[in-house]
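Open the model in your viewer and keep the sequence beside it. We will go from stop to stop, selecting as we go.

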Amino acid sequence: MNKLTEFISRHAKLIMVLVLLLTLLSFTQIKNLKVEDDITKYLAENDPEIVFYQEISNKFGRYEENITLVSLEYQDLFTLENLENFKLISEELEKSNYIISVDSFLNMPKIISSDYGIEIRDFVEVFPETEEEVQELKESALNDNMIRGTYLSADGQVGLLMVKSPDNVDSTFLREDLEEIINKYGNNLVKVEYIGFPVIDVQINEMARDNMSLASLATLVVLALLFYCFRSIPGTFLPISIALITSFWLLSSIASTGKTVTIVISAIPVLMIALVTAYGIHFTSRYYEERNLFPPQEAIKRTIVSVFMPILMSALTTMAGFVSLTTAVIRPMTEFGIFATIGILLSFFLTIFFLGAFFNTFISKKVPPNFSLEANDLITRLLKVIAQSIFSKKNWILGTIIIIITISGIFALQVKPDSSIEGRLGENNPITKTMDYFKEKLGGVDFLYIYITADNVKHPYILRSMDKIQNYASHLPSLSQPSSITTFLAQLNAAMENKKIIPANPSKIDNLWFLAGDNDYINSMLADENQSTIIQIRARELTSNALNKSIEELEKFIQTIPHTVSAIDLASLPSPEKEPYFSYIIENIISSWQANGLKIDLQQEEELQKKLRQIATLPNEYFYSTQEEFITEILQISTLELEDLGISTKALQPILFEYLNNYYLENQFLAILSQKLNLSLEDAQYLTEIITDSLSIVAEREKIRYAQTEIESILNTQLNEENADYLWYLTDDYVYVPDTQGEINFSGRLTGIPVIINEVNNSVFQGQIKSMLAAFIIVFILMTWQFGSLLTGFIAMIPIVCTILTAFGIMGIAKISLNIGTMMVASIAIGAGIDYTIHFINRCKQELAKNKELLVAIKITLTSTGRAIAFNSLSVAAGAFVLTLSEIKMISEFAGLIGWVMLISVVYTLLLLPLLLKYTKFKEERC
Amino acid sequence: MLNKNNYYPIILIILILLLNINQLLCAATQLTVDEIIDKVKENQVEYTNSKVQAEMILIDKNNKIEEREMILFVKEENNLISILIRFLSPKSVERVTLLSTDNGERIYLYMPAYQKARRIAGSSKQENFMGTDFSYEDLSIDYQSEDYQKELLEETETQFLIEVIPAEEDLSYRKFVLYINKEQFYVEKVEFYNLDEQLTKTLEIKEIKFDEMDKIIPMNIALANIIDNHQTIINIKEIEYDLELPSDFFTIRTMQKPKL
């Protein structure tokens, strides 16, 4: 120790210069500090959920890091002027160097079909020119499931622009460019909101910097306290300078590595001011005590010798608290734990070397007299009262503590993890408010993905299973607006054959794919050479019990669908052999209804099965009719061929009536056609084929209409359009039969931010337990080592355990959730709060060593060290409370809890520890 | 918004270009633009209809390659072109057939699994045709039109560069630049410029052969969409001219026939 004091004395000026130079250098680096708060980076890079999510994001180009959502709200978007303005903004944004593409409802795919024509084009291919056309467009857009509630709010006031930017775009420039363009052209706008990783990134950075700037306020608060305590300029400024220098060094070293850090790092400056200032206080106060008795050099030597071990112990226990955070496998905690540990270590060395060097260099002539022991302030008077009455009121004190701990224990059980962005940033945070706006107007901003893999995901069975899964998902709480390739393919099929379902015939899917294969949306939904695809579902909240339950139920539902099946080509079977397979078709219809939210009881299910089986066996001919509508429909779907042949529907209509009315055979019909329309045999044969095909189609339609009426009477309710469409399964020409040896199989797995949040929540919970246990064990070992007694080590832990229990109780009462901020409180509280116990027991031992009675020793400790502890906790709490002004909820809560924990910790130390020491025959155990 | 794999429109356009632009072409050094174009016309096969069997290779921006085989019939009558294209392979598109009549005024699609032909509507002449980068108007541009302004931009050792400025005001192209082979007088390359004079597409004839009359037949054609970074290569395997096709060949009925 002598060598150390001599070294500091000899190199005092060099130490001062070095510290100042390093601090100046750190100023230049801090501006490069980059903060981000991406939940996908909370878990380890090799975490299976993260690896899976990244894989899916990369495969399907849904890397949300590149997507910014911009909502443009108008009084009414659907006026010619506003719609043109919306289009103009979209076009101008696309010209930006920071933007690759802009998607809106204007360029969503739209399928237009009639009985003879089909068109697939952008939703707004030809821009409306009149107000009437705008209103037609509005009606069409609000009736489109792919647009309403997704790209357009249900009230028609808000349009969404999905802006895709290049990889690694500078978020600040992107945001500025977006704002500049929208401000320039958006005169008609009522409101503009931006959300998405690029803009959140900018806002998070701004908020983190605001947090760091709160350090100035914390500095002022702690300075005021220090001045009250020391009544001297060096005594006021020196302790805090240690904390400030440590923070500068720490942040600049993070910035200079070019690494991004999460938002909790922004709490470090204030936390350092709160925690580290105590080291400076101990050093300075001890120096002033020694200075009153000894010359300057001797006073410094004595100060270093006497404070080195206590400050080291204090630093070690605090570091133990921070190091324990690295046991939780959550990146923000790990990096916070590491940086804070380094910060504490740095501050320890700075306290010894820098303050030692300072007092060596600047020898103070005037020293505050009788710095602490003889003070008579409010706190000291209060402590004296406690010292006088603590043992006489022991039952009352213990009783109160037991009640508080019991209540706290009950409320602690109500603390739940919440790692959602709302949970982290708070309800009133601008980002959360924007998210709420998007949730209200456009169904939310985050997605749950179901990753489907198969040999060929374009297979009808897989597509129908996906359709079932997404329908089931859409009826679960917290989930909405599922979409996948099935939605688009069903629409295309409707355009082709008027059946809004996935056709059962694989060749039809091939044909539809040919028709739609170039659609950007469709292509973006397939990967791995058609072996994987996704279902995308909007999550209304990012985390909630409801959402977790929905995810769980969805996973279970996916398992209920047969994953391996065989295909049966019904067209290749004679009629009697087809019938056994109808039960699979019927089962498919009923399960599709149930997945789509139709409630069917057991009795109804039996009736439905019976009725559907009966209808399925009816031949198409059963539904032939001579009614005008029936005939008109046949002619309508034969329009193209009739035009080709140059035959008018008017000429054909009576012939068709005759054919149907007289139950002619096909060859009789051929003869009539040939004769009455004066057609060649070849033309008549062609026309007969066309008409009989069309007749079969129309009869099939009649059959389904009939089925719908019958089913509705069984269910006593009208089938909605989607459920009515499932009746088309009765016309399936392929059946898929569950078969473990089958050639068609698929698997489904959930991923997405909600799943990751769930995983983070689990990790937070486990991390809390791990880090708390680690901190407890490390500190317990340190205590046992320091006091040389297992029992004393154990007693020393009791006040801090009570503190943590009370803190969790407060969290439960105040409904503060467990997140990466608040979960660090317990570990830090163990590390930092234990200091009070150490100081208390040490002093008590010193007094006992002077052969004083235990009660006397405790009373002296209470009024001497107790005062220092009280001031220390006040200064830590005051610094921490400043951070409660943070806009970020988790930081604000974290800081508030740290503040309260330090105050509670001192209360338990001063009230409970003396009682414990008395009851444990502390004296005999010997110090 | 339709299939880039639906290469029939591309073929349609290529054929039109071959039919028309090749006819623009022309002669030796010191030749005027009109003379150059006349020379190219002389080298062009004249026919009323043709049947082409070809392989099409589609290369997307990610270098993903798709190969398809097809058979294609073309008829020109009264300056109106009708085209019937049928895909032969792969199996997933086998027998899918497209019919375009009256320079693309009417387009029908027949998909065998559905058995019914459907009309494909084009809302706007300037919109993309069936999801390709070509517009409906591409089908109706008369590159030979005498109203088009032509200028010899440059004469290199091997090529004439001719700028063609269309007369129509509502056309979405400002100009075309033709690269004409000086030795053999055929269009080696065409550049398409939009109204902002930005190069959007290029068409290159990479391989030719001569028939018994020494007329030029393009055998390998590459079409590149600069904006979408998409490329289509057509290898012509067999070409026949002036077949005896029935008068109702270019109809829906033909599309529905299992064999052509």
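In the hairpin of E9(B) and E10(B), which residue takes a positive phi? Select B:Phe185: its phi is positive, near 50°. The hairpin has 5 residues between its strands. Keep in mind throughout that this is a predicted model.

**Stop 1**

Now select the two strands themselves. E9 covers residues 173-181 of chain B, and E10 covers residues 187-194. They pair in the antiparallel sense, over 7 bridges.

The hairpin of E10(B) and E11(B) has 4 residues between the strands. Click on B:Glu197 in that hairpin, where phi is positive, near 60°.

While you have strands on screen, look at the side chains. In a regular strand they alternate between the two faces of the sheet.

**Stop 2: a cis peptide bond in chain B**

Select B:Ser89 and B:Pro90. The peptide bond from B:Ser89 to B:Pro90 is cis, with omega near 0°. Where is B:Pro90 found? Look in the loop between strand E3 (80-89) and strand E4 (97-101) of chain B.

**Stop 3: a sheet in chain A**

Switch to chain A. Select its strands E3, E6, E2 and E7: in that order, these 4 strands form an open sheet with antiparallel pairing. Strands E3 (101-103) and E7 (191-196) of chain A stand at the edges. Each has a single partner strand, so one side of each is left without a neighbour in the sheet. From one strand to the next, the twist averages 20°.

Next, zoom in on E2 (residues 67-73) and E6 (residues 158-164) of chain A. They pair over 7 bridges. Select A:Glu73 and its bridge partner in E6(A), A:Val158.

**Stop 4**

Select helix H1 (residues 2-10) and helix H10 (residues 296-323) of chain A. Their axes come within 10 Å and cross at roughly 130°. H1(A) and H10(A) are therefore oblique to each other. The crossing is right-handed.

Show the side chains where they meet. H1(A) brings A:Leu4, A:Thr5, A:Ile8 and A:Ser9. Among the H10(A) residues they meet are A:Ile300 and A:Ile304. By class, the contact of H1(A) with H10(A) has 5 nonpolar, 3 polar and 1 charged residues.

**Stop 5: helix H29 and its partner**

Select residues 753-787 of chain A. This is helix H29, with 35 residues. From first C-alpha to last it reaches 48 Å, close to the 51 Å expected at 1.5 Å a residue. A:Gly788 follows H29(A), and its phi is positive, near 65°.

How far apart are the axes of H3 and H29(A)? They are 10 Å apart, and the helices pack at an angle of about 165°. That makes H3(A) roughly antiparallel to H29(A). Their crossing is left-handed. A:Glu49, A:Ile50 and A:Tyr53 of H3(A) make the contact with A:Val755, A:Ile756 and A:Glu759 of H29(A). By class, that contact has 4 nonpolar, no polar and 2 charged residues.

**Last stop: A:Asn498**

Finish at A:Asn498, in the loop between helix H17 (485-497) and helix H18 (506-516) of chain A. A:Asn498 is not a glycine, yet its phi is positive, about 65°.

Definitions and conventions: Residues numbered from 1 in each chain as written. Chains lettered and ligands numbered in written order. Predicted model: local features only at pLDDT ≥ 70, side-chain atom pairs only at ≥ 80, totals over all residues. Pairing = 2+ DSSP bridges. Axes fitted to C-alpha atoms, helices over the stretch in contact; angles between N-to-C directions. Parallel < 35°, antiparallel > 145°, perpendicular 65-115°, else oblique. Left-handed = near helix turned anticlockwise from the far one by under 90°. Contact = placed C-beta atoms within 7 Å. Nonpolar A, V, L, I, M, F, W, Y, C, P; charged D, E, K, R; others polar. Expected span 1.5 Å × (residues − 1).
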